[in-house]
Amino acid sequence: MGSGHSWVLLATLLVGLCVADDVSPDNKPTGTDTWADKLKKDLFVNYDPNLRPTQHYNVTNVEVNVTVTHVDIDEAKSIFTFSGWIKMQWNDDKLKWNPDDYAKLDVIRTNPDSVWKPDMVLYNNARTSNIEHYGMTNVLIYNTGQILWVPPMDYHANCKLNLRMWPFDQQTCFVKIGSWTFDGYKLNLTQVGEPELNIIVDNNEWAIQKVDTETHTKYYACCPEPYMDIQYNVTMQRQSATHKAIVVSPAFVIMLLALSVFWLPPNCGEKIILNGIITLIVTVFLIYFAMQLPAMSGNTPLIVTFFSTTLYLVAFGTILSVIVLRMCRVRHTGAVPEGIKSLVDGCLGEVDDIKDAAGDEISKQRDWCRLAGLVDKLAFVVYLVIYVISIIYYSL
């Protein structure tokens, strides 16, 4: 065992000597410095991280790709949150070295503030006072001059929302990134590969359907040079299991209650009470919608339109119930007009008239009650047609 260990130590010593022999004695690190310390000192002599590391007539090619880890939408402020990390690669002509001069060291890691970086900002930034989109993670510098920077990103972009189909809506928001000061002749942006999805924690409300990429070259009125940007279009579908239980199911119950009012007997005063209860429930839901949804012109959610329409229908139904109750409960001295009586008989069937004087008064009262019943049934049919049309329209 002692002989074996001796051979291992000898081999290690020989390898170290071979590596040391490849390096000039004048180029070795001194004191407690490592080869990385020596390399960094040599590389950053007279290096200015504020200047693009190539001639002004050359272009710097920056390769970009993103990985999405989380998305969210703030409907009240119309802000889209896009989180993950962004991968950027470019070449720095000033940061090249021969690995043989530094004990085969071919890559170092350093603070991103020490090197030049492309000034990539979010064009549709919703928080204009804050442009610190990226975390300050280290950059990797390779001996070929290639720079790799993969910082965490947190974009907050303005997004135009269409809540027409809420809570079953689908939204497409975008983030547009590009250099703030370098035109396309100085900095060329290239999207490499497709955006990746790596959802760490699922959003309880939104599921990503797809992420599309667009690269634009735009000319502004101020300047003759082209400016490049990369746009990521994120399509999301709202996951509506909770909304279905909270909003949609009560809507069907309210609809059934509103229709059931017309099946109560025409002389039943509880029709007014039931309509009042429905009105209270609908008002509570409208207040809930006002708290949950922003006031948006032109695309009011259909479910809100349904509830507000139901409120009008219930109000009109209450007035109709008052008229029907009056037909049945008030003692009438006059008979139902003959044309209307014929219509009632045609719809509900004829009944035998009572021939004596007392019976004549009872017949008049009965005819008015039968007319009230016909009004209720016609109202039920009209309301049913309105609700069926509303459901079909909402489903489309």
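User: Which residue forms a salt bridge with D100, and how many Å apart are the closest N and O atoms?

Analyst: A salt bridge here pairs a side-chain nitrogen of Lys or Arg with a carboxyl oxygen of Asp or Glu within 4 Å. In this predicted model, D100 is paired with K104, and the closest N and O atoms are 2.7 Å apart. D100 is partly exposed, with a relative accessible area of 34%.

User: How many salt bridges does a search of the whole structure find?

Analyst: The search finds eight. One of them links D42 to K38, with 3.7 Å between the closest N and O atoms.

User: What is the distance between the closest N and O atoms for D212 and K210?

Analyst: For the salt bridge between D212 and K210 that distance is 3.8 Å. D212 is partly exposed at 35% relative accessible area, and K210 is partly exposed at 44%. Elsewhere, salt bridges with shared partners connect E75, D169, E205 and R238 in one network.

User: How do I read burial: is T81 buried or exposed?

Analyst: Buried means under 20% relative accessible area. T81 has 17% relative accessibility, so T81 counts as buried. T81 belongs to strand 2, residues 79-91. Leaving out residues up to four places away in sequence, T81 touches H70, V71, D72, D154, Y155 and H156. With H156 there is also a polar contact between side chains, at 3.3 Å. Across the protein, buried residues make up 39% of the 396 residues.

User: Is T181 buried or exposed?

Analyst: T181 is exposed, with a relative accessible area of 51%. T181 lies in the loop between strand 8 (170-179) and strand 9 (187-191).

User: Which residues does T181 touch, not counting those up to four places away in sequence?

Analyst: T181 touches D119 and Y227. T181 and D119 are 62 residues apart in sequence, yet their C-alpha atoms are 7.4 Å apart in space. Their side chains make a polar contact of 2.6 Å. As for the protein as a whole, among contacts between residues at least 6 apart in sequence, 75% join residues at least 24 apart.

User: Which residues touch the most other members of the largest nonpolar core?

Analyst: A nonpolar core is a set of buried nonpolar residues joined through side-chain atoms. The largest one has 46 residues, and V64, F80 and F82 touch the most other members. Strand 1, residues 60-74, gives the most to this core, with six residues. Another core lies apart from it, with 28 residues, including I254, Y383, Y387 and Y394.

User: Which residues form a nonpolar patch on the surface?

Analyst: W85, V150, I200 and V201 form one, with about 370 Å² of accessible area together. V150 is in the loop between strand 6 (146-149) and strand 7 (152-158), and is partly exposed at 35% relative accessible area. For the overall surface, the protein exposes about 22,200 Å², of which carbon and sulfur atoms supply 60%.

User: How many helices and strands does the protein have?

Analyst: The protein has seven helices and twelve strands.

Note on methods
Residues numbered from 1 in each chain as written. Predicted model: local features only at pLDDT ≥ 70, side-chain atom pairs only at ≥ 80, totals over all residues. Heavy atoms only, no water. Patch = residues over 30% accessible without salt bridge, like charges linked within 9 Å, V, L, I, M, F, W, Y side chains within 5 Å. Areas by Shrake-Rupley, 256 points an atom, 1.4 Å probe, with all protein chains shown as cover. Helix = DSSP H or I, 4+ residues; strand = E, 2+ residues; numbered from the N terminus. Buried < 20%, exposed > 50% of the residue type's maximum accessible area, 1.4 Å probe, protein only. Contact = heavy atoms within 4.5 Å. Polar contact = N/O pair within 3.5 Å; in protein donor to acceptor, adjacent residues only side chain to side chain. Core = buried A, V, L, I, M, F, W, Y, C linked by side-chain atoms within 4.5 Å.
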